[in-house]
Amino acid sequence: MGFLSAPAKAQKVVIEDDVPNSIVLVSQDKAGDEIVRIMNETQSPRFHDPKAPRFVLTDRKGRFALGIGGYVKATAEYDFGGISDDVDFYPSMIPNGGQNYVRNQFQMDATTSTIFLKLMGRTKHLGDFVVYTAGNFRGGSKVFELQNAYVSFLGFTMGYDYSTFMDLAALPPSIDYAGPAGQVFSRATLLRYERAFGKGWKAGVGIEMPVVDGITTQSVNISNQRMPNFPAYIQYAWNKSSHIRVAGIVRNMTYENLVAQRAESKAGWGVFAASTFNVTSKLNFYGQATYGRGISQFLNDISNLDVDLVPDPEAKGKMQVLPMMGWYAGLQYNITPKVFVSSTYSQTRLYSENDYPVTPSDQYRYGQYLVANIFWNVNANLQVGAEYLRGWRTDFNDMTRHANRLNVSAQYNF
């Protein structure tokens, strides 16, 4: 900790021996060229992920480095004219009058504060080599929870990371940690292979641990899963900040038919197209549109509803997969190099099939999400922001409920 709090002129400390394995503590911008290149190329583009570490431990030759970093973030939230009953803003979590009569609430949160370790270097046989672990305090009762833990080399990624069925670079900025209702977001234990080819082209394919949630009854139950998820994508980029990505996923979901006393399964699938590009030198667009069946785990708002599988009203003991959709579109305008504003509108929808639900009910049908914010990068390490959120939840009985939220935040990167 003493090293981390030392003044800038003392950023380099050398262990006093002359063996090749000596370690040097330096600021990240003074690390070897290869280390800086790998650090920048493997930086996650997601807005909520930590930036490059300020300090790294590197060997004398500058070929390997261990970065330790993260950020501390504090957020204050105030809901009015209706609430979203969660620390994150989900339209699906807007309660009806019979569940909660509270129309205002105040919350504070620091659980998204993140710590990470990143080992990086260039090897003769494995090329650029990265080992990364990160976590925040989003576990139950605010305990530390793993967010990423993977090793990456030669285009392969193995471990726990963001799903291949995602586009991190097209996600919008927000103080709200969850983000838009129709955003595709998921983490999984996985094996992924990615490769760049041609001019601006890149593709990836993965095998991922499945998670299946469903609405169970006395005649159906969710069982152990027998097959992984299979996602893939292809992307074309015409400059460093502009690209389009098309992705797909197929999955096989197992459940127990308690009437027939046997295991059965249903197939799920999904596709999306996402893009981000510069409209002008200061204005940037980002957006995504997703459609599929049995992919509620991947859609932000619907992921709270456990509807990968639902009972089939027309066949006792059977389950079905419902069609679902999500999309968002937004703009970011850079007022100055340190100040920018953005706004995003999003929607997600669950469709009915085979008379499900049997009668119109207060079960979620679709949600809408609107966010507008401003961020100021006070310096290289400190960012403050403010935002307004509005959500709408409409049920199958055509009743609509609303919620509004104001967020302010301060984040310090280290």
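1. pLDDT is the predictor's confidence in each residue, from 0 to 100. The chain averages 89, with 92% of its residues at 70 or more. Residues 1-20 stay under 50, and the model has 24 contacts (heavy atoms within 4.5 Å) for them beyond four places in sequence.

2. A word on the basis: this is a predicted model, where local features need pLDDT of at least 70, side-chain atom pairs count only at 80 or more, and totals for chains, interfaces and linings use all residues. Numbering starts from 1 along each chain as its sequence is written, and side-chain values use heavy atoms, leaving out hydrogens and water.

3. Now for the aromatic rings. Rings of Phe, Tyr and Trp (its six-membered ring) pair if their centres lie within 6.5 Å; planes under 30 degrees apart are stacked, over 60 edge-to-face and the rest tilted. The count comes to 19 aromatic pairs. F197 and W201 are stacked, 6.2 Å centre to centre with 20 degrees between the planes.

4. W201 also pairs with Y236, this time tilted, at 5.0 Å and 45 degrees. That pair links distant parts of the chain, 35 residues apart: W201 sits in strand β11 (residues 201-208) and Y236 in strand β13 (residues 230-239); strands are DSSP runs (E, at least two residues), numbered from the N terminus.

Key
Helix = DSSP H or I, 4+ residues; strand = E, 2+ residues; numbered from the N terminus.
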